[in-house]
Amino acid sequence: MNEVKIPFLDLVTPHVALEEELVAVFKKALHSAGFIGGPMVEEFEKDFAAFCGVKHCIGVNSGTDALRFAFMAAGVGSGDIVITVPNTFIATTEAISQSGAAIEFVDIDERTYNMDTEKLADFLENQCHVDDKTGRPVCKKTGKSVAAVVPVHLYGQTADMDRITDLAAKYHLVIIEDACQAHGAEYLSRKEDRWVKAGSIGRAAAFSFYPGKNLGACGEGGAVTTNDAEIAAKIRTLRDHGQSKKYYHDIEGYNGRLDAIQAGILQVKLRHLSLWNESRREAAGRYHALLRGIAGVVAPYEPAWAKCVYHLYVIRNRRRDELQKYLGDKSIFTALHYPVPLHLQKSYERLGIKEGTYPVAEKAAKEILSLPMYPGLEEVQQERVAREISAFLGKV
Ligand SMILES: *Cc1c(COP(=O)(O)O)cnc(C)c1O
């Protein structure tokens, strides 16, 4: 078989297209020896804050650092519970644990794969009682106080934030958005009657610039966005060894800075992000049309209140493993996001959560399949993907 490969992701083409500009960034750093901090980082932070519609952006070393620093700066830590979903990348929960807090999950919505806000409400209302002093819910089972909720805008689509912000206001919870897959995604807030950007809704939000993300560095990178000046100041200190001034350490911090070369690269690439996201949305529209007629394939659901940036295009099928293998044999590369929900990972055996506890996430993990998706994915490629899926399903 020598069919032309359809890669899952193409990270080469966009970088080659911008080669001159990207090399110029490297040369600028080389000639000024401005490798850490400085104007390249500050300029990117300003541009990304404007892109997200927030006052502050703090560049950090990774999306994981962004999450961890956001919890710490918001005062979430030991003795607290942080609620998130089981269908996410482990960085979300690593950051919760590493800030000293305890992880609690609520199941996902079957159609959007994001947090089921009714289940969040149910947990807060029925499995907690409200502490008179703090107004915060206290988990009946563990006696710990719920301090924060982390909606993950998975696959490039925001969670249904209105309900989450209502619940957070009612129960005095901090919202930290995990926007690591959602650079540029938009949400129609019916409460505010306007579209808002992912990363501008919670107290703070975390972005990752891992190479494969919609906005990716040529290495590691991340950022926190926030409208809260105090949180921004704390994160600037946390990322830089807790220093307010060189060698004057107010607290113990981390080495969690975004380096200047990555910031410069990100600044160049940010100028293209809206077009790249539009290209992903066009590709998603073509997939929708091509897959519509194929029985047994569940295409992604985009509610009227969401403008998804399709970090991933995730379909569902009962015979997912066989389908993935079939496509792989035809040189069509796919991936799973994610094959094992977090509560069933070996790393979380200590939580003692049994299979069956989050049935929607568990079922999805067995059926979801991420198809090739990247800016510039061509219609003929997508037609072949759809043809092969159809051929596989015809062969029952
Ligand atoms: C990529 C990702 C992260 C972590 O980002 P890193 O930059 O790799 O640390 C966190 N959460 C989600 C949902 C992600 O996709």
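This is a predicted model: local features need pLDDT of at least 70, side-chain atom pairs count only at pLDDT 80 or more; totals for chains, interfaces and linings use all residues.
Q: How many residues surround the ligand, then, and which are the closest?
A: The ligand is surrounded by 15 residues, and the closest of them are Gly 63, Thr 64, Gln 181, Ser 208 and Lys 213.

Q: Switching topic, what domains is the chain divided into?
A: Domain 1 is made of 13-106 together with 113-268, and domain 2 covers 273-395; the C-alpha centres of the two domains are 25 Å apart.

Q: How many residues does each domain give to the contact?
A: Domain 1 gives 39 residues and domain 2 gives 34 residues.

Q: What area do they bury between them?
A: Domain 1 and domain 2 bury about 2,900 Å² between them, with 62% of that on carbon and sulfur atoms. On the domain 1 side, Tyr 113, Tyr 155 and Asn 214 supply 25% of the area buried against domain 2, which is more than any other three residues.

Q: Where does Tyr 113 sit, and what is its phi?
A: Tyr 113 sits in the loop between strand 3 and helix 6 (117-126), and its phi is positive, about 65°, although the residue is not a glycine.

Q: Back to the interface, how many salt bridges and polar contacts are there?
A: The rule finds 1 salt bridge across the interface of domain 1 and domain 2, and between the two domains there are 16 residue pairs in polar contact. As for classes, the side of domain 1 that touches domain 2 has 20 nonpolar, 12 polar and 7 charged residues.

Q: What about Glu 186, which residue does it pair with?
A: Glu 186 forms a salt bridge with Lys 307, and their closest N and O atoms are 4.0 Å apart.

Q: Last one: where is the cis peptide bond?
A: The cis peptide bond joins His 337 and Tyr 338, with omega about 10°, and Tyr 338 belongs to the loop between helix 10 (320-329) and helix 11 (359-367).

How values were computed:
Residues are numbered from 1 along each chain as its sequence is written. Side-chain values use heavy atoms; hydrogens and water are left out. Domain bounds come from an automatic or database domain assignment. Contact means heavy atoms within 4.5 Å. Buried area is the accessible area (1.4 Å probe) that two parts lose on being put together, summed over both. A salt bridge is a side-chain nitrogen of Lys or Arg within 4 Å of a carboxyl oxygen of Asp or Glu. A polar contact is a pair of N or O atoms within 3.5 Å; within protein, one must be able to donate a hydrogen and the other to accept it, and residues adjacent in sequence count only if both atoms are side-chain atoms. Ala, Val, Leu, Ile, Met, Phe, Trp, Tyr, Cys and Pro count as nonpolar, Asp, Glu, Lys and Arg as charged, and the others, Gly among them, as polar. A residue is near a molecule or strand if one of its heavy atoms lies within 4 Å of it. Helices (H or I, at least four residues) and strands (E, at least two) are DSSP runs, numbered from the N terminus.
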